[in-house]
Amino acid sequence: MRFLRTDIRQPLEFISAGHLHSLRSWTHSRRVIDSFEIIVGVKGTQYIQQQNERFDVGPGNVLLLLPGETHFGYQPSEGELTFYWVHFQCPENARICGEDEWQEDRSQREAEEQLAAKSEYAYLPLFFRCGHSDKIDILFHQLQHLANSKLIHYSALHYRMTSLFLELAEQADSGHATGSPIPPDPLVAEIVEWIRIHTAEPLTASIIADKYGYNRDYLSRLFKRFLGRNLHEYILAQKMYKAKSLLTGTKRTVKQIAHDVGIPDEKYFIRLFRKHEHLTPTGYRNAYYLKHMNVE
């Protein structure tokens with residue numbers, strides 16, 4: 001695996017960002033660019049080849065395209081496709097390195113008990129799966145909103161771009177660059193996938209416990225151990241994540257979105273959303289409504 005190693009003592013240079021949404025089959029054009037580009041899959045799968053490597057960029061997958069290397073779609077997507085993209089430049093001393101160098105640097109920091117914040121460099125793998133897509137979703141919308149605002153200090157965009165890059169680097173590092181968000185416990189992994197598929201249903205911890213034949217409290221402790229939150233909290237977090245995606249990526253009403261995430265009581269949905277995001281659903285949508293959006 002290859003990594004981008006860049007100096008973080010100064011901000012990255014933001015160039016442009018956008019959000020592509022295609023309702024039909026879509027294929028990336030063949031090109032060579034003179035900047036770095038990060039692509040984050042949201043819905044559907046985009047098939048991209050960079051030089052001789054092929055990548056299937058599905059929901060939560062992160063792909064880094066490099067300047068000077070040819071990339072293109074090696075086959076069309078199937079059905080609806082949505083992804084974020086951002087172009088940027090790094091300081092002149094940025095370079096591509098191998099996994100051995102990344103691992104050596106990581107091991108040295110751990111041995112010296114240094115905090116990641118003290119490191120002068122950040123590493124981003126060319127391809128991985130982020131573990132907290134909701135954070136990336138919010139940072140992308142903030143970046144796009146800022147890019148479409150009338151700024152007095154344009155450097156604010158560079159610092160926001162750097163924040164996004166560092167969040168991706170942190171998630172890649174915490175996953176040991178495997179990009180896998182799958183919990184190590186097979187039962188938790190299976191339930192996580194089932195929840196993802198059935199988020200639109202009125203799920204509860206008790207319903208899931210009955211389905212899998214386990215005690216509800218036992219499953220909650222298991223989720224707390226591996227995911228940092230109990231089963232009930234995890235279910236709500238997934239519903240709020242889907243709600244945020246619908247609020248910023250569609251024109252559906254709050255009432256419709258409440259139904260889409262399995263909470264038919266609109267007032268209860270608004271109270272839950274405010275508790276989790278410290279904003280009403282409408283306030284959240286208004287905060288991030290300015291986006292550069294490609295519609296195919």
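Leu-64 touches Leu-4, Phe-36, Glu-37, Ile-38, Gln-50, Phe-88, Leu-124, Pro-125 and Leu-126, residues up to four places away in sequence being left out of this list, where contact means heavy atoms within 4.5 Å. The model is a predicted one, in which local features need pLDDT of at least 70 and side-chain atom pairs count only at pLDDT 80 or more, whereas totals for chains, interfaces and linings use all residues. Residues are numbered from 1 along each chain as its sequence is written, and side-chain values use heavy atoms, with hydrogens and water left out.

Leu-64 is also among the residues with the most contacts inside the largest nonpolar core, together with Ile-38, Val-86, Phe-88, Met-161, Leu-164 and Phe-165, and this core has 31 residues. A nonpolar core is here a set of buried Ala, Val, Leu, Ile, Met, Phe, Trp, Tyr and Cys residues joined through side-chain atoms within 4.5 Å, buried meaning under 20% relative accessible area, exposed over 50% and partly exposed in between, with a 1.4 Å probe and protein chains only. At least two residues of this core come from each of β2 (13-22), β3 (36-43), β6 (61-65), β8 (81-89), β10 (121-125), α2 (133-147) and α3 (155-174), and α3 supplies the largest share, 7 residues. Helices (H or I, at least four residues) and strands (E, at least two) are DSSP runs, numbered from the N terminus.

A second, separate core of 17 residues includes Val-192, Ala-209, Tyr-212 and Tyr-234. Val-192 is one of the buried residues of α4, which also include Leu-187, Ile-191, Trp-194 and Ile-195, and the cover over the buried residues of this helix includes α5 (205-212), α6 (216-227) and α7 (231-249).

Aromatic pairs, counted for rings of Phe, Tyr and Trp (its six-membered ring) with centres within 6.5 Å, are stacked with planes under 30 degrees apart, edge-to-face over 60 and tilted otherwise; the count comes to 11. The rings of Phe-3 and Trp-102 have centres 5.1 Å apart and planes at 10°, so this pair is stacked. Because Phe-3 lies in strand β1 (residues 2-7) and Trp-102 in helix α1 (residues 99-111), the pair ties together parts that are 99 residues apart in sequence, and both Phe-3 and Trp-102 are buried. Tyr-214 and Tyr-218 are likewise stacked, with ring centres 5.7 Å apart and planes at 20°, but Tyr-214 counts as partly exposed at 38% relative accessibility, as does Tyr-218 at 34%. Ring pairs also link Phe-36, Phe-88 and Phe-165 into a cluster.
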